[in-house]
Structures are given as C-alpha cells and as structure tokens.
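Hi there,

Here is the structure I promised to send over. Have a look at it first, and then read on for my notes.

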Amino acid sequence: MFKKFFKFLKGYVIIEIYGENAERFINICIRRQIRIYGTKPLENGKIRLCILKSDFFRIRSVAYKTKTSVRIIKKCGLYNFVTHYKKRYMFAVGFIVFLLLFLITSRFIWVVEINGVENTNVDRIIAVLEKNGVKSGALKKNLPSGYELKRDILNANDDIAWAWVYIEGTKARVEIHEKSLPPQIIDKSVSCNISAQREGVIKEIIVKSGELLLNEGDAVSPGDVIISGRVATYREGDPEKYIYVHALGTVLAYTSHIAEGDYPVYYESRIPTGEKKSYYALELFGKKFDLPGNKSISYENFDKIEKRHELSLPYLGYLGISLNSECYEEVTVNKEPLSIETALEIARTELEEKISGELLGGSKMIGSELSYEYINNETIHVKLNMNFIENIGVETLIEE
C-alpha cells in the first residue's frame with residue numbers, strides 16, 4: 001500500500017509497447033534500472049506496463065535501440081490529479097471540508113469494541129470504561145493511560161486476569177483475558193468443616209483431622225457436613241466442651257450426572273442455489289444508517305452472512321467509517337436419513353461434552369446408560385446418565 005501511495009506522489013505513466021523486440025525492451029529497462037511494474041501482455045503482441053514519470057524520458061534510447069513503438073495510455077499521479085481538478089472549485093471546497101471533518105473527527109473515539117469476554121459481566125466492564133471516559137464521542141487526549149484503565153478494570157472484576165485498551169484510530173479495542181477461579185482454600189489456622197459439593201452416596205472417607213459425622217453408604221446433598229471441625233472433648237455426663245480445628249480429609253462418593261436433548265435422525269445439507277440478496281448500511285462515527293433498499297426476503301430457506309468493512313489507514317487506524325453488509329443466500333435443504341446408531345453416537349458425543357464441564361478434578365467414570373424415545377418421525381429425545389466416583393469434599397467455614 002505504501003508503494004502505491006509513493007508512486008502516486010511521484011507520478012507514473014501507463015504505456016503500451018509493441019514491436020518484434022518488445023521483450024528485449026523490458027530486459028534492457030531492467031538492466032538499466034529503469035523502474036517498471038504492472039507488466040501485462042495484450043493481444044497482437046502488445047505489452048502494457050507502468051513506469052515512473054522520472055524514468056519515462058530514459059526509455060527513449062531503449063525504444064530507438066530495440067525499434068519498439070511506445071504509446072502513452074494515461075498519465076497518473078498527484079500533479080495530474082491536481083491539474084485535472086484545479087478549476088473545479090466545488091470539488092476543491094468539498095475536499096477541504098472533508099479533510100477538516102476528518103481531522104476533527106479523528107480526535108475522538110467513536111467505537112468501543114470488547115473482546116475475550118465469556119463469563120464476566122460485560123455491563124461491569126462497560127461501566128468502568130464509561131467512568132474513565134472511554135465511550136463513543138470521547139476526546140482521545142482526555143483518556144487515562146492504559147495502566148490506569150487496566151488497574152480499574154481488574155479492581156472491579158475479580159475474574160479477569162489481564163486487560164488492556166488499545167486505541168486504534170477512532171476505535172477503542174478492549175482485550176480481556178479471563179482467569180479460571182480455583183476453589184476457595186481456607187487458611188490452615190482457620191477452623192472449618194469438610195462438606196459435600198454435590199449429591200452422591202459416600203463410598204469412602206479418609207479423616208485426617210476433625211470429627212466424622214457420616215458413614216460409608218450415606219446419601220448426601222450439597223452443603224451437608226461430612227467431617228466436622230467442631231470436636232467434642234468431654235466425657236458422657238460432663239458439661240459440653242468443644243475445640244475447633246481445621247478439618248482435613250478425603251470424601252469419595254458415587255455421583256450421577258444426567259444430560260439430555262433432542263436430535264434429528266437425518267443429515268441436513270444446505271446447497272446454495274446461486275440466488276442472493278445483499279443489503280448495506282453505512283456506519284459513521286458510531287451511528288448506523290441503512291442504505292436504500294427493500295429488505296424483504298422471499299426465499300424459503302436461506303443463510304445469512306454478515307460482514308463489516310472498516311475504513312482504516314496505516315498508523316492512523318480505524319477512521320470511524322465502515323460499510324456493513326447483510327447477504328442472504330438462498331439454499332436448497334436436503335435431508336438424508338441417518339441410522340439410529342449414527343444419530344445416537346452423535347448425541348452421545350455432545351452430551352458427554354456437556355457433562356464433562358460439570359465434573360470435579362480426578363473423577364473416574366464407572367458406567368453410563370443411554371436411552372432415547374421418538375418425538376416424531378424425524379426427531380428423537382436422548383438421555384445420557386453417567387456414573388462417577390468423585391472427591392466431593394470441600395472446605396467450608398464453620399457457622400457460628
């Protein structure tokens with residue numbers, strides 16, 4: 001892009017050469033370091049190419065030597081552009097107004113883009129940004145430094161590990177890296193219980209510290225205390241007396257996880273017919289304007305493709321102007337039947353992935369059961385029940 005820009009500033013000429021020694025003409029130009037580019041062969045043995053304006057007069061001797069004819073097709077460059085438009089005063093006025101408008105609007109932020117957010121509350125991030133002045137219409141020179149913005153975002157969101165605000169032209173791009181919060185670990189000097197994280201049936205308990213309240217084979221619900229940090233230190237008949245300790249231990253339990261969903265017993269292919277309709281909207285400094293056009297869609301089946309084309313320049317970044325397009329492609333939907341075995345295998349894969357997100361660390365599967373029933377001729381309801389052995393014990397503070 002920079003090469004094109006500098007060629008435009010210096011000026012260049014588009015020429016056509018023809019003759020028996022046209023290729024020799026190009027070779028001599030290259031050998032004499034005459035800068036040519038954009039070489040394109042044409043019919044009747046002609047060759048079209050571009051040459052810098054400063055090198056144009058150097059090809060006269062080359063043309064004479066090779067007996068090659070040269071014809072000028074077009075003169076391009078800043079000088080020719082100014083010469084062509086210098087008497088068109090309204091164009092000049094419009095260009096100056098546009099340049100001033102560009103210089104003024106480029107000093108503001110018009111678009112705020114936030115990336116990398118999955119579990120964090122986006123509204124909290126937006127509130128922090130607006131509090132610091134990062135919003136549409138904000139003057140860039142009044143914005144806090146990147147370190148201040150990073151500090152405020154992290155202080156307001158415990159589940160964010162890293163953040164930064166990049167100013168790219170008239171766009172503020174906020175990159176967020178979330179962190180996986182580890183389970184709460186209570187200090188060893190603080191008394192606590194070992195409680196159940198989820199429902200299950202106790203398989204094995206290993207007590208290292210504390211008083212055992214439940215036994216193997218007992219069913220537990222989330223929050224039930226299994227090993228208590230409140231330990232009795234009196235004999236029967238004596239006044240009650242307790243000490244409080246930091247309970248330690250491992251609780252293995254049989255747990256069950258269920259996931260279900262509806263799945264088709266056919267494979268759907270969507271084949272484009274070649275018919276499509278596109279609609280456009282112009283976005284100027286954060287405001288969207290629909291361009292003229294009837295947005296009615298007559299296709300029975302279609303795919304929607306959205307694209308955004310931002311106007312940006314090197315070093316300047318996004319200029320606050322973008323063209324947004326919505327393309328509706330008509331498709332023909334074909335349904336090919338699947339065997340029930342294939343449909344169940346697809347369902348099992350998806351349901352297992354869903355259950356895997358619920359498991360505790362070190363879980364061991366001991367069995368699974370997949371069942372289904374037809375909803376109609378094209379859809380089945382699938383239910384997956386998976387059984388595990390999990391360490392369900394977690395440290396919890398002792399309630400007063």
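Leaving aside its neighbours within four places in sequence, which residues is Ile59 in contact with? The answer is Ile15, Phe25, Cys29, Ile34, Ile51 and Val70. Please keep in mind that this is a predicted model.

**The cores**

Ile59 also belongs to the largest nonpolar core, which has 16 residues. Along with Ile59, the residues with the most contacts inside this core are Ile15, Ile17, Phe25 and Ile51. At least two core residues come from each of strand S1 (12–18), helix H2 (22–31), strand S3 (47–52) and helix H3 (59–66). H2 gives the largest share, with five residues. Apart from this core lies another one, made of 15 residues, including Val128, Leu143, Ile153 and Val174. As general background, nonpolar side chains in soluble globular proteins tend to be buried together.

Cys29 is buried, with a relative accessible area of 0%. Cys76 is in no disulfide either, its nearest cysteine sulfur being that of Cys50, 7.1 Å away. Cys76 counts as buried too, at a relative accessible area of 11%.

S13 pairs with strand S11 (residues 200–209) over two bridges, in the antiparallel sense, and Gly200 stands opposite Val220 in S13.

**Aromatic rings**

The structure holds seven aromatic pairs. In one of them, Phe302 and Tyr328, the ring centres are 5.5 Å apart and the planes are at 70 degrees, so this pair is edge-to-face. Phe302 lies in strand S20 (residues 302–313) and Tyr328 in strand S21 (residues 317–337), so the pair ties together parts that are 26 residues apart in sequence. Phe302 is partly exposed, with a relative accessible area of 33%, whereas Tyr328 is buried at 11%. Together with Tyr279, these two residues form one aromatic cluster.

Notes
Residues are numbered from 1 along each chain as its sequence is written. This is a predicted model: local features need pLDDT of at least 70, side-chain atom pairs count only at pLDDT 80 or more; totals for chains, interfaces and linings use all residues. Side-chain values use heavy atoms; hydrogens and water are left out. Two strands pair if DSSP finds at least two bridges between them. Helices (H or I, at least four residues) and strands (E, at least two) are DSSP runs, numbered from the N terminus. Buried means under 20% relative accessible area, exposed over 50%, partly exposed in between (1.4 Å probe, protein chains only). A disulfide is a pair of cysteine sulfur atoms within 2.5 Å. A nonpolar core is a set of buried Ala, Val, Leu, Ile, Met, Phe, Trp, Tyr and Cys residues joined through side-chain atoms within 4.5 Å. Contact means heavy atoms within 4.5 Å. Rings of Phe, Tyr and Trp (its six-membered ring) pair if their centres lie within 6.5 Å; planes under 30 degrees apart count as stacked, over 60 as edge-to-face and the rest as tilted.
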